[in-house]
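Let's take a walk through this one, going from a helix to a sheet and then down to a single side chain. Have the 3D view open as you read.

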Amino acid sequence: MFKRIAATLAIALGMGMGLTVPAQAATVVGGLSVEAACDTQWGAYTYATLVGIPPNAYSWRCRLNLGGQSSFFTVDLNRECRRVYGGNTWATPLNSSDPYSWRCWR
């Protein structure tokens, strides 16, 4: 009896009839401010700027300009999404050629 139940269960699991979790598509939860990300991550004296010709979605940097000398820092847009929208969110551009197409997803 137990062998028959075990065999039936093994067949059902093997055929994908066991416990499954339905796939869910990611959804946009909102936009983000690269300027705010720079302020939060590098301080109020930085500002968001685009580098590269032509600029694309990955061209954002935080710029610090003190005494005529500039420094550039990377900006973590995933961190900004988590700060604004909470955990389990991430940043992805809608179009990698468009620097203004970043959105936060969950």
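Start with helix H3, residues 77-85, which lies across E1, E5 and E6 and runs at about 125° to E5. Keep in mind that this is a predicted model.

The strands form an open sheet of three, in the order E1-E6-E5, with antiparallel pairing. At the edges sit strand E1 (28-30) and strand E5 (90-93), each of which pairs on one side only. From one strand to the next, the twist averages 55°. As a bit of background, strands of a sheet pair through backbone hydrogen bonds, either parallel or antiparallel.

Zoom in on one of those pairings. E1 and strand E6 (residues 102-105) run antiparallel and are joined by two bridges.

Next, go back to the helix and follow the chain on towards E5. In the loop between H3 and E5 you'll find Thr89. Is Thr89 buried or exposed? Its relative accessible area is 4%, and the cut-off for buried is under 20%, so Thr89 counts as buried.

What does Thr89 touch, leaving aside residues up to four places away in sequence? The list is Val29, Asn78, Cys81, Arg82, Trp105 and Arg106.

Methods
Residues numbered from 1 in each chain as written. Predicted model: local features only at pLDDT ≥ 70, side-chain atom pairs only at ≥ 80, totals over all residues. Heavy atoms only, no water. Pairing = 2+ DSSP bridges. Helix = DSSP H or I, 4+ residues; strand = E, 2+ residues; numbered from the N terminus. Axes fitted to C-alpha atoms, helices over the stretch in contact; angles between N-to-C directions. Contact = heavy atoms within 4.5 Å. Buried < 20%, exposed > 50% of the residue type's maximum accessible area, 1.4 Å probe, protein only.
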